[in-house]
Amino acid sequence: MSGLQCLGEDNIWFEKPRYDEAERRFYEGANGPSTHSHHQSSSDHRVCVQSSSASGDQELVSRMKSLELENQGLHKVVEDLRAALFKLENRVRVLERSPAIPCAKAVTVQSVKVEEDDDDEMDLFGSDEEDEEAERLKEERIAAYAAKKSKKPALIAKSSILLDVKPWDDETDMSKLEECVRSVVADGLLWGQSKLVPVGYGIKKLQIGCVVEDDKVGTDLLEEEITKFEDYVQSVDVAAFNKI
């Protein structure tokens, strides 16, 4: 028999390590995890606890900071309340002292009224003399006003008159006619501007204005005086009459 045949027939277990490993795993599965896996799970638990404790510390720190901010705000509110209370106490003190002033004023007013009453009682016998003096002064003032008013010049009523003076024909000397019209002189009469206005057929009329005092000169007087120059004047008409 050759050597190969002997090895083939020999009962040798070449894969025993594989079977041992399988057996070990079987028993570990039946009896629980091994020591190595237990240690690994314990370390994982510690890591979780540490992370949770770290997050808890951060939350505590944030709450402490918020409490500090709230405490600062409360301190400010308390300070404001103290200041307002101090102002109110000062106002109360001022108001408690102020009523004494009106009392003093009232006493002063009453004393003044009493003095005025005393003066009125003292002047009872002299009132007639004062009335007579006041009446005399009133009469003097009225007389002075009347005298002053009488010295003022009275308002003079005046009128503006525009006259149309017509000649006989176109051969009439109009310059001579105007000279005759202006020769009329009277107290309260003032001649103004004049012009020649065509009438027709070569005839022109004299249009002349004047200002008169109503109490002294009238239109009738002017017409009467101008028509006396019958060699030059045919007629006189009032073209316009206005009060000044």
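The questions and answers below concern a predicted model.

Q: Which residues of helix 6 are buried?
A: Helix 6 spans residues 174-182.

Q: Which helix is included in what covers the buried residues of helix 6?
A: The cover includes three strands: strand 1 (158-166), strand 2 (189-200) and strand 3 (203-213). It also includes a helix, residues 219-226, which is helix 7.

Q: Is threonine 172 buried or exposed?
A: Threonine 172 is placed in the loop between strand 1 and helix 6. Leaving aside neighbours within four places in sequence, threonine 172 is in contact with Pro167, Leu177 and Tyr232. Because its relative accessibility is 13% and the cut-off is under 20%, threonine 172 counts as buried.

Q: What distance separates the C-alpha atoms of threonine 172 and tyrosine 232?
A: Threonine 172 and tyrosine 232 are 60 residues apart along the chain.

Q: With which side chain does the side chain of serine 159 make a polar contact?
A: Serine 159 is found in strand 1 and is buried, at 0% relative accessibility. The residues it touches, not counting those up to four places away in sequence, include Cys210, Val211, Phe241 and Ile244. The polar contact of the serine 159 side chain has a length of 2.6 Å, and its partner is aspartate 214.

Q: What is the length of the polar contact between the side chains of glutamine 207 and aspartate 164?
A: Glutamine 207 lies in strand 3 and is buried, with a relative accessible area of 15%. Asp164 is one of the residues that glutamine 207 touches, along with others including Leu162 and Gln193. The polar contact joining the two side chains is 3.0 Å.

Q: How many residues apart in sequence are the parts tied together by aspartate 164 and lysine 205?
A: Aspartate 164 forms a salt bridge with lysine 205, the closest N and O atoms being 3.1 Å apart. Both residues are buried. Aspartate 164 lies in strand 1 and lysine 205 in strand 3, so the parts they tie together are separated in sequence by 41 residues.

Q: Which residues make the nonpolar surface patch of about 290 Å²?
A: One member, valine 211, is found in strand 3 and is partly exposed, with a relative accessible area of 30%. The patch is made by Leu190, Val211 and Ile244.

Q: At what N to O distance do glutamate 21 and arginine 24 meet in a salt bridge?
A: Both lie in helix 2 (residues 16-31), three residues apart, about one turn of the helix. An α-helix has 3.6 residues a turn, so residues three or four places apart point the same way. The salt bridge between glutamate 21 and arginine 24 has an N to O distance of 2.3 Å.

Q: Is arginine 82 buried or exposed?
A: Arginine 82 forms a salt bridge with glutamate 79, with the closest N and O atoms 3.5 Å apart. The two residues lie in helix 3 (residues 35-97). Glutamate 79 is partly exposed at 45% relative accessibility, whereas arginine 82, with a relative accessible area of 54%, is exposed.

Note on methods
Residues are numbered from 1 along each chain as its sequence is written. This is a predicted model: local features need pLDDT of at least 70, side-chain atom pairs count only at pLDDT 80 or more; totals for chains, interfaces and linings use all residues. Side-chain values use heavy atoms; hydrogens and water are left out. Buried means under 20% relative accessible area, exposed over 50%, partly exposed in between (1.4 Å probe, protein chains only). Helices (H or I, at least four residues) and strands (E, at least two) are DSSP runs, numbered from the N terminus. Contact means heavy atoms within 4.5 Å. Patches are made of residues with over 30% relative accessible area and no salt bridge: like charges are joined within 9 Å, nonpolar side chains (Val, Leu, Ile, Met, Phe, Trp, Tyr) within 5 Å. Accessible areas come from the Shrake-Rupley method with a 1.4 Å probe; for residues, only the protein chains shown count as cover. A salt bridge is a side-chain nitrogen of Lys or Arg within 4 Å of a carboxyl oxygen of Asp or Glu. A polar contact is a pair of N or O atoms within 3.5 Å; within protein, one must be able to donate a hydrogen and the other to accept it, and residues adjacent in sequence count only if both atoms are side-chain atoms.
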